[in-house]
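Open the model in your viewer and keep the selection tool at hand. The stops below go from a surface feature to a whole chain.

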Amino acid sequence: MGAYITRRLLYMLPVLLGVVTITFFLGHMAPGDPALAMAGQRATEDQLESIRRHYGFDQPLHIQYGYYLYNLCRGDLGLSYDSQRPVATIIAERFPFTLKLAASAMIVAIFIGVSAGLLSALMPNTVYDRVAMVISLLGISTPVFWLGLLLIYFFSMRFQWLPPSGYGDGGVWYLVLPAIALGTQSVALLARMTRATMLEVMSEDFIRTARAKGASPFSVVFKHGFSNAVIPVVTIIGLDFASYLSGSVLTEKVFSWPGLGQHIVTAIAQRDFPVINGTVLLFALIFIAINLLVDILYGYLDPRIRYE
Amino acid sequence: MPELTRSQFLRLTLAGPLGVVLGGCSGWGGRRGSFYILPRDPDTLTMYDTVDPPTLDPARSWGVVDGRIIGMIFSNLVRFTHDAQVEPDLAERWSVSEDGLVYEFQLRPEARFSNGRSVVAQDVKYSFERIVNPDNAAANPWVLERIADIEMDDDHSLRLILDRPFAPMLYLLAMPAASIVPREEIERAQHEGFTFGERPIGSGPWRFVEWRRFQHIALERVEDYWGRSPRFKRYQYRVVSSHFTAIAEFETGNLAAIDQLPDAEVHRWRTHPHWKDYTRQSQVLATDMVMFNCQRPPLDRAEVRRALCQFIEPQLLIQAIRNGAGTVSAGPIPPGVSGNDPERAPFSYDPEGAKATLENSGLVGKEIVLVVPSEQSFMRAVAEVLQALWRQAGVNLRVRQLEWVTYRQALRDGDFDAGYRGWFADYPDGDNYLFPLFHSSQIPTGNTAHYSDPVLDEMIERSQTEMDAARRERLLRDANKRVYEQAPALFLWHRLYFSVAHPRLREYRYPLIFNGTRYLDEYFDVSELDTESNKTETAWARI
């Protein structure tokens, strides 16, 4: 296992270098002078030139890339062109918000999605099953911004139960609506996947054997059934969690959540290359790390899987 | 079928989320007044916009949001009133020499920065030099570039010597870039490794308290302020990313006012049986136009440009696209600003006459490109209307929607035939609508029409140096008329904002110019609150 993890971590390096290189060159190839984004509407050519000199935009691209890599190796992600603040500080400030929202949304998704899927699988072709599957279809087809506005309308404006937006004092009530809006996207998928795999597993011979041995219903469903059906569900959870951690722009916008998603959109519009590069690097790291975690988790969930 | 009962599973499925929701509900709730919800804190004025300003450093700021907050934290020699008039700020009095070259100011001896130090003439000199020094890469050095020298007699008197007369100079001194900053605080920020724009210190009526990025900026009033203090104790600027979410925040008592209702919401609020009384219309100094690229034939000919303007019925356009949030525009200068001629009407609606003019212009059957920024949906709507109208004359309009930086790049490069342009005033003077937009020296920075007209150039230059107000007004009107007649742009409308304020918010007015308010007079009227709410011991709901 140790050798496997080390090998996977080593594979990360060329992937990250590729991500950094592609992001850097794609960003700089996009039309629009970053100096224009920083200057007022009446900026003269001299003023733009002085901004270009100040930030090194007048250097050839490969030189800029060399400087960027050199600084990156020293752990320096650079300064934001827009706010003049260190990119590492910006990411450190914003990432906890993203993490909090992503984790809450995943909790909502796992709790509702997996429970609903289990229930559907255990009561197939009943009214409950059909209703649950229709609702899950609705959930997966509902745009998050629309669901977000509906939640705000009912729970904030009509019932006055929850705040409409923002992070406030960090209280849990600020998190409820965005977590539900974001998590609903995964609820549907998880419910359907859990139902399908559970139906398959519950018809296996070993389930019949467990029942014949007098195992309790709880033990049959969770110990023998669900533990064998969970691997595809874990894969979806891993992928969805990684994508939530990479910023949920629409949810963040509707609920004014101060996460990374909104920030990178703003950075792209402002041609704030250090912020774009640093954030994309973080997203790549997150995807790689979560994929690795999911792979390791497979081994624990299914003892037949071995890592060499 | 397993023996787990349905109710067991339902409990499992529903208990968790409900627990979270109900747990949350216990800590948050509004309090209804009548049709509205009472503000959560009567001592705090909470306003919003959709952007987190990049900086609060006057040297680096060029946006509306940062400019407004800078105006609250900092003082200038002079400042704008709500109606965009100039009034004394740090300078208690001033005089201007007859030739318009020397501005002499007497500073208030009682003026202090919020760190306790007196504001002296040396601070003015330092602040202005900081803006024009190219090493500092300031955003708007043009504001102060006409100042050739600054002389000081003592700590409280100074003279600004201009390199040439410039009639609207006092207006420039009220702009955010001309805010007075304390040198020691800027040096301290450099020394301690943060930027001054993150923790600004000025001599205005509000003191910076906290900035939670992408959440809020908190200010508190300076209790021993040397001038008139605000009535609110605290001010909070909230970043609410979507206007529609902001409306929900307003309706739940979390915001004191919505400065600018989204177009789609204007009708609902203006006709609402209760809210219509609290919905106001305000003029803002902004003009929307479609610039023609005057260097590209056949758009280099004024009669062709004028003909294209004659397909438009401005009032219909304003009603259809902006829900009435605009006034008809017959030139760049908006009403109430020097140089505006209220008598002049826009080009007559005459598509038949225009078609005849265009017939032999070389434009018929040709494709022209209109660049539009993607941020505002109404700009795309204008583009689509123009597409339909100009097609009547056989002119094919291709619309290129570009994000902001690419759009600005296209305008500067002249890579377009027509380009949408919204222009907000930096200062409330006709010159700000003529010189940057249409003077040939401003190609391609502000003059994105790439319009070169020596006659107009001379008119603008004369208006800049004319110090007699009446004569200057005539010169500006003539220049404005010249622009209108030559039609380097199709002028669409001057913007109006519809705002809505909390029913208990008093003295709230949207300022004519963006930094024309420091929120000194506004307050929540709580005098009859107990009678009206009649429900609670303390009527103010708090989180």
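Select helix α7 of chain A, residues 144–158: this helix gives the largest share of a nonpolar surface patch, 5 residues. Helices here are DSSP runs of H or I with at least four residues, strands are E runs of at least two, and both are numbered from the N terminus. The model is predicted: local features need pLDDT of at least 70, side-chain atom pairs count only at pLDDT 80 or more, and totals for chains, interfaces and linings use all residues. Residues are numbered from 1 along each chain as its sequence is written, chains are lettered from A and ligands numbered from 1 in the order in which they are written, and side-chain values use heavy atoms, with hydrogens and water left out.

Next, select the patch members: A:Phe145, A:Trp146, A:Leu150, A:Tyr153, A:Phe154, A:Phe159, A:Trp161 and A:Leu250, which make about 760 Å².

Zoom in on A:Phe154, which lies in helix α7 of chain A.

Now select chain B and colour it by secondary structure: 16 helices and 19 strands. Along the principal axes, the C-alpha atoms of chain B fill a box of roughly 85 × 80 × 45 Å. Colour chain B by accessibility: 59% of its 543 residues count as buried. Finally, show contacts (heavy atoms within 4.5 Å): in chain B, among those between residues at least 6 apart in sequence, 71% join residues at least 24 apart.

Methods. Patches are made of residues with over 30% relative accessible area and no salt bridge: like charges are joined within 9 Å, nonpolar side chains (Val, Leu, Ile, Met, Phe, Trp, Tyr) within 5 Å. Accessible areas come from the Shrake-Rupley method with a 1.4 Å probe; for residues, only the protein chains shown count as cover. A salt bridge is a side-chain nitrogen of Lys or Arg within 4 Å of a carboxyl oxygen of Asp or Glu. Buried means under 20% relative accessible area, exposed over 50%, partly exposed in between (1.4 Å probe, protein chains only).
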